[in-house]
Amino acid sequence: MSDKKLSSSSLNKIALKAGMFYIFAQLFIRGISFLTTPLYTRLLSTAQYGQIKVYESWLLIAVPVMSLCLWKSVDRAKYDLDEQGYNAYVSANHTLSYISIGICFFLCLLFKEQVKAFCHMDDVMFYVGFGYVFAYTSILFMQRREKQMMRYKASTLITLLTVVPATVVSLVWMYWGKQNGMQQELVHYRVISFYGIHILGGIVVIILLTMQGRKLVSKKYWKYGLLYSLPLIPEAISIQIMNQADKIMVQNMVSDEASGLIGLGTTVSFIIWILEDSVWNAWQPWLFEKISRKETKDVEGPWKILMHGFGLISWFLVMLAPEVILILGGKRYYDVIWLVTPMVTGTLFRFYSYSYTAIQNYHKKTEYVALGTLLAMVVNVILNYVCILQFGYQAAAYTTAVSYFLLLLLQGWLELKITGQRIIPLGTTVKISLLYFVLNLVSMSAYMLPWYVRYLVILSGAAFAAKWILPQFLKVVKTAKKH
């Protein structure tokens, strides 16, 4: 099916149908991680939970670095190639990513002891981690390709068949280990079972991508991928450092226990991140099509509704933080309630910044996206170091939120300066951002009130949201269907 033959109304219908399927599928898949958190926090000690969260952080940093971020170029290549060439492009750049990861693996083997010491890993974590980097890179290539083609069933099935078994097997093995007096081995049980099953899923994806693309080497496609993706490596590293630096720095500067507390706070912010990321991944292909067709006037209204919608979700999470923390971690994690506001609001700022980086990515100005993110990351690391020393581990949550707001400002400014185009006015985004930041900060005082007063406020907010946001959201959906 040619995109050029699609009318705007047909595009809206396809995007709506595919997008809603993707959102609900991703909510289910990623929700598994959140829903099983209470089990992990009760099976593991606070220090072990911190070790696992930091290990995850290192893997999230390793994937974009070692794979050269080539999977990111899949989003844009779709608009320069036909379907057959597109599959070949994905296959060829998948090969190039594997070559890069293989070189990184060889180099890390030469300095294995130093790498292990720096990352707080042992041999099991080191080798399983590299296996996961290979596998997850393959999964990212497939997910990006299917997303841009607005078809999600195959990638969702692969993800489902890895995440669910990996979660179940890891929990069962850890429970068995704890019941049999093997508490010290629980981190290994989690690493081997959870990531091992992902590695098996990655092998299946490797075979599929190779068979469908049938092109392992292409200088032309490699050049395209490298020119697009290499400038994004600093951006990807910077984003992941901003996402993970709080846990890593707290582990090194304070303790494993403190990193466990920060890690649980991150899990709470993961609730809104799941929704944001799912909606954005469904939204982006439609946004790129609108930019391609010069129909960007259709974008601002629905996007503002999304900004307010997620702002209110962040507020609900702040108001329900005491209950959420008790469910996820129990009383020993209760102090984490004071970290929820900066963490969920920082995640909100990051989501708002996506609308500005998307335009730069579409116009292949990826080096400027990287520049803005790199500057924000440097500020984040410096603020983390200074404020953790001065105020303790809790400060890392607030410095990260400040850094994400700075990222929003930088990307909004760069979008207009570099592309000459701005879909969402920066002033509008800043006002909405500050509105929910102040609202969430003030709402922390509700923790001191009797529970029934706080619940009355929550119910009032829910009634307001139902009357104001829900009708507008339904109007957007109805308009898409009508067109």
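**Entry 1**

I worked on a predicted model, in which local features need pLDDT of at least 70, side-chain atom pairs count only at pLDDT 80 or more, and totals for chains, interfaces and linings use all residues. Residues are numbered from 1 along each chain as its sequence is written, and side-chain values use heavy atoms, with hydrogens and water left out.

I then looked up the accessibility of both residues. Phenylalanine 270 has a relative accessible area of 21% and is partly exposed; tryptophan 273, at 22%, is also partly exposed. The classes I used are buried for under 20% relative accessible area, exposed for over 50%, and partly exposed in between (1.4 Å probe, protein chains only).

**Entry 1: aromatic pairs**

I searched the whole structure and found 28 aromatic pairs. In tyrosine 132 and tyrosine 136 the ring centres are 5.4 Å apart and the planes stand at 10 degrees, so this pair is stacked. I counted rings of Phe, Tyr and Trp (its six-membered ring) as paired if their centres lie within 6.5 Å; planes under 30 degrees apart are stacked, over 60 edge-to-face, and the rest tilted. Both tyrosine 132 and tyrosine 136 belong to helix H7, four residues apart, about one turn of the helix. Tyrosine 132 is buried at 11% relative accessibility, whereas tyrosine 136 is partly exposed at 23%.

Returning to phenylalanine 270 and tryptophan 273, I noted that they too form a stacked aromatic pair, with 5.1 Å centre to centre and 25 degrees between the planes. I also recorded a cluster in which ring pairs link Trp280, Trp303, Phe310, Phe351, Tyr352 and Tyr354.

**Entry 2: backbone angles**

I checked phi in two loops. Most residues other than glycine have a negative phi. Cysteine 69 has a positive phi, near 60 degrees, although this residue is not glycine. Cysteine 69 sits in the loop between helix H3 (46–66) and helix H4 (73–77) and is buried, at 0% relative accessibility.

Histidine 120 likewise has a positive phi near 60 degrees in a residue other than glycine. Its loop joins helix H6 (112–119) and helix H7 (123–148). Histidine 120 is partly exposed, with a relative accessible area of 43%.

I looked up asparagine 384 in helix H16 (residues 366–391). Asparagine 384 is buried at 0% relative accessibility. Leaving out residues up to four places away in sequence, I found that asparagine 384 touches Ala245, Asp246, Met249, Ala396, Thr399 and Thr400. A contact here means heavy atoms within 4.5 Å.

Next I turned to valine 191 in helix H9 (residues 186–213), which is buried with a relative accessible area of 1%. With residues up to four places away in sequence not counted, valine 191 touches Tyr55, Met125, Val128 and Gly196. I also took the C-alpha separation of valine 191 and leucine 140, which is 20 Å for residues 51 apart along the chain.

Alanine 465 is buried, at 12% relative accessible area. Its C-alpha atom lies 9.4 Å from that of histidine 308, 157 residues away along the chain. Alanine 465 touches Leu312 and Leu470, again without residues up to four places away in sequence.

**Entry 3: the whole chain**

The protein chain has 19 helices and zero strands. The C-alpha trace spans about 60 × 55 × 40 Å along its principal axes.

I recorded 57% of the 483 residues as buried. Of the contacts between residues at least 6 apart in sequence, 83% join residues at least 24 apart.
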